[in-house]
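Student: I should like to learn how to read the main features of a structural model. May we work through one together?

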Amino acid sequence: MRTVCAVVLVFEAIVIGLAIPIAIQLEGVDPAVAGGVWGGMAVAALLLAGLQKRTWAHYAAWALQAAFLFTSFMISGALLVAIIFGSLWVVGVIMGRRVDEIRAVHAAHAEAAEGEEGAVTAPGSQTR
């Protein structure tokens, strides 16, 4: 799950970073505000992408999704992008959990199969 979420965050950081010049040029947002708000969110997204192995970073990324959604009202068209990335985030979490469950089941079956093979061909046992 964490890998999928990290990939979504990296792409989101790129898109958030590209929103800065749009906010400045088209919406007339002060460059310091645009750089501070969306630049900070882009840097946070990159940092959180690298820290997705930690549980707190995963929950912080949920907060980042909410922050991007709330600040997207300042830029025309950004609301659609925020909804798309929020949806990708939710789908990534759901599908990532399913993949983790399947891997766990597969690993359990592999360990059980190894255990059965070892029991049948244990040293000193006679097989006919």
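Student: Which elements does the chain contain, and in what order do they run?

Tutor: Please bear in mind that this is a predicted model. The chain has 4 helices and 0 strands, and from the N terminus on its elements run α-α-α-α.

Student: How does the radius of gyration of the chain compare with that of a compact globule?

Tutor: A compact globule of 128 residues would have a radius of gyration near 14 Å, whereas the chain has 23 Å. The spans of the C-alpha trace along the principal axes are about 85 × 20 × 20 Å. Buried residues make up 29% of the 128 residues. Of the contacts with a separation of 6 or more, 65% are between residues 24 or more positions apart.

Student: How does one judge the span of helix α3?

Tutor: One sets the expected span beside the distance between the end C-alpha atoms. With 17 residues at 1.5 Å a residue, α3 should span 24 Å, and its end C-alpha atoms are 25 Å apart, which agrees. For α2, with 20 residues, the distance from first to last C-alpha is 27 Å, close to the 28 Å expected.

Student: Which residues of α3 are buried, and where do they lie around the helix axis?

Tutor: The buried residues of α3 are Ala57, His58, Ala61, Leu64, Gln65, Phe68 and Thr71. Viewed down the axis, they fall within an arc of 140°, so they line one face of the helix. On the other side of α3, Trp56, Tyr59 and Phe70 are exposed.

Student: Gln65 is on that list of buried residues. Why does Gln65 count as buried?

Tutor: Gln65 counts as buried because its relative accessibility is 9%, and the cut-off for buried is under 20%. Leaving aside neighbours within four places in sequence, Gln65 is in contact with Leu9, Glu12, Phe85, Gly86 and Trp89.

Student: What can be said of Ser72?

Tutor: Ser72 lies in the loop between α3 (55–71) and α4 (78–120). Its relative accessible area is 1%, and Ser72 is therefore buried. Beyond its neighbours within four places in sequence, Ser72 contacts Ala78, Leu79 and Ala82.

Student: Which residues of the largest nonpolar core touch the most other members?

Tutor: Among the 28 residues of that core, they are Leu9, Trp38 and Trp89. Helices α1 (2–25), α2 (31–50), α3 and α4 each supply at least two residues of the core, and α1 gives the most, with 9 residues. Trp38 is one of the buried residues of α2. Not counting residues up to four places away in sequence, Trp38 touches Ile16, Ile20, Ala23, Val29, Thr71, Met74 and Ile75. What covers the buried residues of α2 includes α1 and α3.

Student: How is a pair of aromatic rings described?

Tutor: The description rests on the distance of the centres and the angle of the planes. Here the count comes to 1 aromatic pair. Trp62 and Trp89 form this pair, which is edge-to-face, at 5.9 Å centre to centre with 85° between the planes. The pair links distant parts of the chain, Trp62 in helix α3 and Trp89 in helix α4, 27 residues apart.

Student: How accessible are Trp62 and Trp89?

Tutor: Trp62 has a relative accessibility of 34% and counts as partly exposed, whereas Trp89, at 0%, counts as buried.

Key. Residues numbered from 1 in each chain as written. Predicted model: local features only at pLDDT ≥ 70, side-chain atom pairs only at ≥ 80, totals over all residues. Heavy atoms only, no water. Buried < 20%, exposed > 50% of the residue type's maximum accessible area, 1.4 Å probe, protein only. Contact = heavy atoms within 4.5 Å. Expected span 1.5 Å × (residues − 1). Arc of directions from axis to C-beta. Core = buried A, V, L, I, M, F, W, Y, C linked by side-chain atoms within 4.5 Å. Phe/Tyr/Trp six-rings, centres within 6.5 Å; stacked < 30°, edge-to-face > 60°. Rg over C-alpha atoms; globule rule 2.2 N^0.38 Å.
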